[in-house]
Each structure stands twice: as structure tokens, then as C-alpha cells.
Amino acid sequence: MSDTPPPVPLLDDDELDRLDDFLASARVPEDALDLIGTHGFLVALAVSPREALPAAWVAELFQGEPAFADDGEREAILGLLERLRHNAIATLEQGGLPELPFELTLDGLPAEETPIGDWCAGFMEGVFLDEPAWFEEDEEAAATLLLPFMALSGLFDEEPDMAEFVADAARLEALVRQLPELVLDLYLHYRVPPESPKPTPRRKKPAGRRKP
């Protein structure tokens, strides 16, 4: 019997449905991430060694400003996004595993043709938002820890070294099953000092709140 705790949902089903409806609507630019990619993007921000300013990550996520119906909708949607990110931080700080919004199997398909690939591509977009922060302390360790996300994202398939790596279907399938643990490994690498058993807490920065 495994001692590994079950993954923790970062939003409930109704909240995910509301985000999905909004992100799939015509009010959001076509280049914006969908729900799966957004989930990966925000989990990456929860792991990131340096706090991203809300204005920066909101603009990157939406590739501009969505056509919110009114201030109430703006506050509700940005609040859900911030809640997902904050819940990921809280879960990882407790050593928990985030629940990912898809089945952890490729089922014989190339990763880029599955929600897994979309999620990992969204995660890598979160890394690209402040790439130096991920690599400046220990580039080799960061590259090793991020390799599964890079491989499954489909964004690096044309690189010679990556082509050989992704050709091993059994290895990719094993990485998919380990994705929640791999997220926690990354978080512990960046957020837990070697001499301390507890992650460094971060102050919550609400997204998109306007000053009166």
C-alpha cells in the first residue's frame, strides 16, 4: 500500500468549468492559452524561483487584455487564476502533489497530441516568462529537472538531442505518470534551502486588483 498522498485539486470542477468557458470564449484572444495550458502555466508560476508580477503574467497568459464583460467578471476570472496559483503554492509547500486535469497516460499517442502536451507547453510558457530565474543558480540541475516537461511539451522536438529522448515511448509514458511528483521535485529544488526542511513561504500577490 503506497504512502503517497492523493493529488490535491487546485480548483473544484465548477471553478474549472467557469474558467474553461471564459478561456474558450470569443472574448479571449485566439493566441491565449486554453484551460489545460493555463493550468500548466500557473503551476509553473507557483514553482518559479522568482515571483512574477501579476500584470506581467496576466498579459502573457491572455496575450493581451480579454474583453471582460464588466469589472465583476474581470475580478472573478482573475481571482480564479490567482486562486489556482495560490493553491498550487500551498499544496507544494505542504509536500503535497497537485492534481492535473487529465489522465496520466499518453495511450500510445504523441505527447503533443494530448492534453499532457498542452499542459507541459503551458508550463514551459511559465518558465519562459522569467527564464533566467530558473537557470541562473544551477543551469545543469535546472535543465535536468525541466527535461521531462520540455520533452512532453512538443516544443523542442526539432532539437537533435531531444529527438532521441522522445523516441523512447516507454520512457515518456513513465514520465507522464510521474508528472505530479516531478512538479514537487522542482518546487523543492527551488524553494527549500538545503539546511531547512520547510519551503520558504511567499506573500500572496492578488492578480489584477485595481487601486481605488
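Student: Hi! How many helices and strands does the chain have?
Tutor: Hello! In this predicted model, the chain has 10 helices and 0 strands. Reading along the sequence gives the pattern α-α-α-α-α-α-α-α-α-α.

Student: Nice. What share of the residues is buried?
Tutor: Of the 212 residues in the chain, 45% are buried.

Student: Let's move to α4. What caps its N-terminal end?
Tutor: That's D70. One of its side-chain oxygens lies 3.0 Å from the backbone nitrogen of G72.

Student: How far apart are the end C-alpha atoms of α4?
Tutor: They are 32 Å apart. At 1.5 Å a residue, the 23 residues of α4 should span 33 Å, so the two values agree.

Student: What happens just after α4?
Tutor: G95 comes there, and this glycine takes a positive phi of about 80 degrees.

Student: Okay, new topic: T114. Where is it?
Tutor: T114 sits in the loop between α4 (71–93) and α5 (115–128).

Student: Is T114 buried or exposed, and why?
Tutor: T114 is buried, because its relative accessibility is 7% and the cut-off for buried is under 20%.

Student: Which residues does T114 touch?
Tutor: Leaving out residues up to four places away in sequence, T114 touches L106 and L109.

Student: Back to the whole chain: what share of contacts joins residues at least 24 apart?
Tutor: Among contacts between residues at least 6 apart in sequence, 73% join residues at least 24 apart.

Note on methods
Residues are numbered from 1 along each chain as its sequence is written. This is a predicted model: local features need pLDDT of at least 70, side-chain atom pairs count only at pLDDT 80 or more; totals for chains, interfaces and linings use all residues. Side-chain values use heavy atoms; hydrogens and water are left out. Helices (H or I, at least four residues) and strands (E, at least two) are DSSP runs, numbered from the N terminus. Buried means under 20% relative accessible area, exposed over 50%, partly exposed in between (1.4 Å probe, protein chains only). Contact means heavy atoms within 4.5 Å. The expected span of a helix is 1.5 Å times one less than its number of residues. A polar contact is a pair of N or O atoms within 3.5 Å; within protein, one must be able to donate a hydrogen and the other to accept it, and residues adjacent in sequence count only if both atoms are side-chain atoms.
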